[in-house]
Amino acid sequence: GKVSAVTMGPPRASDILRECLFMGADEVCLITDRKFAGADTLATSYVLSKAIEKLGKFDFIFAGRQAIDGDTAQVGPQTAEKLSVPQITYTEEIIEVKKDKIRIKRKIDGGYEIVESTIPVLITVLKDVVDPRPFSSKRVMAYKNAKSLIELEKLAEDNSLLAVDKLVHEFEERGLYINTLTTDDLDVDIERCGIKGSPTKVYKVESVVLGGGEHAKVEPTKAGLGELVDQLMADHIFG
Amino acid sequence: MEFKNEIWVFIEQRNGKPADVSFELLCKGHKLTEAMGGTLKAIVIGDDVGGIAKQTFTYGANEAVVIEDKSLLHYRTLPYSRILNNLVKEHVPRIVLFGATVIGRDLAPRVASHTKSGLTADCTDLQIENVKYLKVDHPNLLLQIRPAFGGNIIATIITPDVPTQMATVREGVMELHPLEKPFDGKITKLEYKHDPVDDLIRIIEQHMEDNKVNLKSAPIIVAGGYGLGSKENFRLVEELAHTIGGEVAGSRAAVDAGFVTPERQVGQTGVTVRPKLYIAIGISGAIQHRAGMQDSNKIIAINNDPEAPIFGVAHYGIVGDATEVIPTFIETYKHKLK
Ligand SMILES: Cc1cc2nc3c(=O)[nH]c(=O)nc-3n(C[C@H](O)[C@H](O)[C@H](O)COP(=O)(O)OP(=O)(O)OC[C@H]3O[C@@H](n4cnc5c(N)ncnc54)[C@H](O)[C@@H]3O)c2cc1C
Ligand SMILES: Nc1ncnc2c1ncn2[C@@H]1O[C@H](COP(=O)(O)O)[C@@H](O)[C@H]1O
């Protein structure tokens, strides 16, 4: 088998992909374009699904349950729907992988269940399901100079002797090219990408005004707390 | 664009038992239809769910759409999302609401993805308003209100350019108000058409743990935060709760630190509670935490930082070190109630 790490993000997301290489990913892919910026979960899942289709056949897609910034837990299922594959969310444990089936323990409301899915399938995992593998120092040496298209374009810009096409070719030969997909490489409808393709709009943001401390101050002493307990007894909360 | 003024609520059931959150959403949906006109429909999928369909009329549904089959007894992503995808595509409701449960969060994104609808997770309030956005008037838009990521900011999300607006809401966020006289609603039964993809995933077995903590109905809650500093110190919170007859809860930071189990987390991504008394100890009072407890009847905050935001929602504030205040509190209480 082969493991590919795929992320959509700004050019600096190549840092994360290099870390994936250090941890053992066979292949990495950066999906980046100004036109992808500002995407909500719907537009994100649209571009991700197009990129995944382009990358070819897969058995499993693993995603986090939720991103730390958003806490929405939507991108996984939304991508699965677009790829027309089944999904298993809230994975707690992968029990067994057979030739054409996978068995998983997943959280449900009030308990857990064990399910068996055919392959391909998209799986979202809860945190702590596995410990990330530490970087291998050999792989760090091998891949620390891996570069995305954007990074190679930058190199070429700073040095007129270098041409991007040649650099890409050279890095590919050395296995150091971070596959980079932009709107040019994907069969995407620009209207469905980035901020344009995102139905959710922020209408208002309001700072929460904290109540000006209109609370009774209670001294942390026996006398102070005693009065508080009396008060709560009078209110029929205690007693 | 002309839209149909229909609000749908997905009625979740587990083993034939309806989820509280679905009825809470019906009550909210009823309020929203009062604001924008139109009808409230309950979408009930399962096996033998006619009883649940009838119950929805008590919470404000005008109509219950029922899809029944033996194979629909337990929730599975594919038959359920396929059914809803088709229904939403065919009828184009204006709003669809889901509980932010494991089931709702598995289902809603698939339906939103399929129908290219906007979807906002974990809303803490929903309102109807005539909105002017980028110079265009949008009558009766759904305001999807939730704390923004990080910081003490509340964001109002809208999805003005799509026919269907979707949102998920956690259990306990909306209040349950049964109607005095249930509606004389209509039950519409739709046929379930099986598709081979429905069986790509099989449920092998299910385990339910019944000793579920019930924070929602506890009259007294004692919640501890990261400020307790250690699991040992957190014992003091448990001891106080035990002494005064309360349930133990925690902030997310306390849960992440392993002081207390996740099902006891209070807040936007935990449980929303409205007890008679809420005691917050070593909790700073981040907006995501306050979202889950600020409607408590009485709030006592114990914190060593007099500037902590939690004092802003407290009725009684105690500035002091938790490890000293709690033992004094316990001692005083025992002495008074002997
Ligand atoms: C999308 C999202 C969702 C979230 N959902 C939730 C949620 O549902 N629930 C939730 O709680 N949080 C949630 N959070 C996290 C939230 O933003 C805060 O980080 C969290 O509530 C902080 O927990 P805390 O108050 O226990 O810790 P801290 O913010 O670290 O506060 C600790 C407090 O303890 C006080 N303290 C320290 N030592 C002592 C002592 N000895 N005695 C007394 N007081 C002491 C400090 O002054 C401080 O005020 C969410 C965050 C995000 C981004
Ligand atoms: N831009 C992205 N590129 C790759 N994967 C993503 C991206 N955004 C979200 N995901 C995946 O979807 C999961 C859930 O994200 P979210 O729906 O934002 O909470 C994440 O843990 C990731 O696995």
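1. Residues are called buried under 20% relative accessible area, exposed over 50%, and partly exposed in between (1.4 Å probe, protein chains only). D125(B), at a relative accessible area of 23%, is therefore partly exposed. The model under review is predicted, so local features need pLDDT of at least 70 and side-chain atom pairs count only at pLDDT 80 or more, while totals for chains, interfaces and linings use all residues. Residues are numbered from 1 along each chain as its sequence is written, chains are lettered from A and ligands numbered from 1 in the order in which they are written, and side-chain values use heavy atoms, with hydrogens and water left out.

2. Over all chains, the structure holds 32 salt bridges (a side-chain nitrogen of Lys or Arg within 4 Å of a carboxyl oxygen of Asp or Glu). One of them joins the side chains of E331(B) and K222(A), at 2.9 Å from N to O. This pair crosses between chains, with E331(B) in helix α8 (residues 322-336) of chain B and K222(A) in helix α7 (residues 222-234) of chain A. Helices (H or I, at least four residues) and strands (E, at least two) are DSSP runs, numbered from the N terminus. E331(B) is partly exposed, at 45% relative accessible area.

3. Within chain B, D125(B) forms a salt bridge with K28(B), the N to O distance being 3.4 Å. Because K28(B) belongs to helix α1 (residues 20-36) and D125(B) to strand β8 (residues 125-133), the pair ties together parts of chain B that are 97 residues apart in sequence. K28(B) counts as buried, at 15% relative accessibility.

4. Another salt bridge in chain B brings together the side chains of E171(B) and K216(B), 3.1 Å from N to O. The pair links distant parts of the chain, 45 residues apart: E171(B) is in the loop between β11 (165-169) and β12 (186-190), and K216(B) is in the loop between β13 (201-208) and β14 (220-224). Both partners are partly exposed, E171(B) at 27% relative accessibility and K216(B) with a relative accessible area of 26%.

5. Some salt bridges are joined in a network, which links K98(A), R103(A), E116(A) and R202(B).

6. After α1(B) comes G37(B), whose phi is positive, near 80°.

7. D122(B) lies in strand β7 (residues 118-123) of chain B and is buried, at a relative accessible area of 1%. The side chain of D122(B) makes a polar contact with that of R170(B), at 2.9 Å. A polar contact is a pair of N or O atoms within 3.5 Å; within protein, one must be able to donate a hydrogen and the other to accept it, and residues adjacent in sequence count only if both atoms are side-chain atoms.

8. Ligand 1 is surrounded by residues from chains A and B, so its site is shared between chains. Of the 25 residues around ligand 1 (a heavy atom within 4 Å), Y226(B), S251(B), T269(B), S284(B) and Q288(B) come nearest. In chain B, α6 (252-256) and α7 (287-290) each supply at least two residues of the shell around ligand 1.

9. A nitrogen atom of ligand 1 lies 2.6 Å from an N or O atom in the side chain of T269(B). A backbone N or O atom of V266(B) is 2.8 Å from a nitrogen atom of ligand 1, and one of G282(B) is 3.0 Å from an oxygen atom of ligand 1. Taken alone, ligand 1 exposes 990 Å², of which the protein buries 79%; accessible areas come from the Shrake-Rupley method with a 1.4 Å probe, and for residues only the protein chains shown count as cover.
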